[in-house]
Amino acid sequence: MKIWVDADACPSVIKDILYRAAERKKIELILVANQPLRVPPSRYIRSQQVAAGFDVADDEIAQQCQPHDVVITADIPLAADVIKKGGIALSPRGELFTRDNIGARLNMRDFMDTLRSSGEHGGGPAPLHQRDRMAFANQLDKLLASV
């Protein structure tokens, strides 16, 4: 099992949780981004820089992910690809994407994208709150408990 992180938009506080978990559980953690990242020195943690471009990091993660790997992403299409490959997808807010809920999440994403493109809806995601960090940490602990 490896942990892959869609790191371009992953909040620093979530990365910190992941760094501690990788060290504690001795699990390989790979942060993929299209810009250089600073990661703590560790035999378990590394960053991988990909070319700039739309979905380049997502495509790299989807290609490299193996069954039972954990992928941290807020990107719903990437989460769907990970699930198809037998991986586990978890959002930085602690939402576990599954075969049962990913279809509805894709539909909602597409609907919201249509609203945004028509000018009906603006803004981005809500700020990350302490409850989101706790939900993420708790869900991550559950996933890693079997390792």
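Visitor: Why is Cys10 called buried?

Guide: Buried means under 20% relative accessible area, exposed means over 50%, and partly exposed is in between, with a 1.4 Å probe and protein chains only. Cys10 comes out at 7% relative accessibility, so Cys10 counts as buried. Cys65, at 1%, counts as buried too. Keep in mind that this is a predicted model, where local features need pLDDT of at least 70, side-chain atom pairs count only at pLDDT 80 or more, and totals for chains, interfaces and linings use all residues. Residues are numbered from 1 along each chain as its sequence is written, and side-chain values use heavy atoms, with hydrogens and water left out.

Visitor: How many disulfides are there?

Guide: A disulfide is a pair of cysteine sulfur atoms within 2.5 Å, and by this rule the count is 0.

Visitor: Is Arg24 buried, exposed or partly exposed, and why?

Guide: Its relative accessible area is 49%, so Arg24 is partly exposed. Asp141, at 38%, also counts as partly exposed.

Visitor: What about Asp132: buried or exposed?

Guide: At 11% relative accessibility, Asp132 counts as buried. Asp132 forms a salt bridge with Arg93, with the closest N and O atoms 2.9 Å apart. Asp132 belongs to helix H5 and Arg93 to the loop between E5 and E6, so this pair ties together parts 39 residues apart in sequence. Arg93 is partly exposed, at 31%.

Visitor: What makes strand E3 (45–49) an edge strand?

Guide: Two strands pair if DSSP finds at least two bridges between them. The open sheet has 6 strands in the order E3-E2-E1-E4-E5-E6, with mixed pairing. Strand E3 and strand E6 (96–97) each pair on one side only, and these are the edge strands.

Visitor: How do you know that E2 and E3 pair?

Guide: Strand E2 (residues 28–33) and E3 share 5 bridges in the parallel sense, and the rule asks for at least two, so they pair. Within that pairing, Val32 stands opposite Gln48 in E3.

Definitions and conventions. Helix = DSSP H or I, 4+ residues; strand = E, 2+ residues; numbered from the N terminus. Salt bridge = Lys/Arg side-chain N within 4 Å of Asp/Glu carboxyl O.
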